[in-house]
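User: I would like to learn how to read helices, strands and side-chain contacts in a model. Please take them one at a time.

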Amino acid sequence: MNTINTHSDQHGHGGHGRLDRPDRPEASTSWTVVPEPVTSPDATLLRRAYYAEVAGRYWKRQVTEAEIDQGLLDFPDDGLLPPTGGFVVGRRGGEPLACGGLRLLDPATAELTKVYVDPRARGTGGGAALLEALEAQGRALGAERVRLDTRSDLVEARALYTRHGYAEIPAYNSGPYAEHWFEKRLV
């Protein structure tokens, strides 16, 4: 079992684009990111929060529980378990506040999905900790590169990926919400 423990830096370049301030005591709290079944209670709560945020930002309104249920059915978490992928939950101070998934697209290519940091914990290194753990999973599965797609309105996510060595590439899929595609070499 891979466990990633990280300590956020005081400049806070992990998370979704906010800077940590030295006067925030929680800025130095470490993250623990561990593999966890995508169906665990904590993973389920985090996946629901992820969907609520990305759908709400897209629709520019709060989403209902029924819409979250339908969204999770419409976009299942296929392939996010061994041997074709994995899912991780990030905890800060023991509280589950982040998640992310990875699945193999082909033997050499892994794809990130459902990467999420709770808004209360953004800017504290959670995004960086997730990426480190997910990239390690990708390497363990034999992937040579990791890809992802995202939307234009998710500017914090795009900044996170760029800061951590992901480069924009031409479209590799035709997802209904994909507007930007990124890749990072793992070898």
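User: How many residues has helix H1, and how far does H1 reach?

Analyst: Helices (H or I, at least four residues) and strands (E, at least two) are DSSP runs, numbered from the N terminus. The expected span of a helix is 1.5 Å times one less than its number of residues. H1 (residues 41-59) has 19 residues and reaches 27 Å from its first C-alpha to its last, close to the 27 Å expected. This is a predicted model: local features need pLDDT of at least 70, side-chain atom pairs count only at pLDDT 80 or more, and totals for chains, interfaces and linings use all residues. Residues are numbered from 1 along each chain as its sequence is written, and side-chain values use heavy atoms, leaving out hydrogens and water.

User: Which residues of H1 are buried, and what do they pack against?

Analyst: An α-helix has 3.6 residues a turn, so residues three or four places apart point the same way. Buried means under 20% relative accessible area, exposed over 50%, partly exposed in between (1.4 Å probe, protein chains only). The buried residues of H1 include Leu46, Tyr50 and Val54. Contact means heavy atoms within 4.5 Å; the buried residues of H1 pack against helix H2 (65-74) and strands E3 (85-92), E4 and E5 (109-117).

User: Is Arg103 buried or exposed?

Analyst: Arg103, found in strand E4 (residues 95-106), is buried, with a relative accessible area of 18%. Among the residues that Arg103 touches, not counting those up to four places away in sequence, are Pro76, Asp78 and Glu111.

User: How many residues of strand E8 are buried?

Analyst: In E8 (residues 180-185), 5 of the 6 residues are buried.
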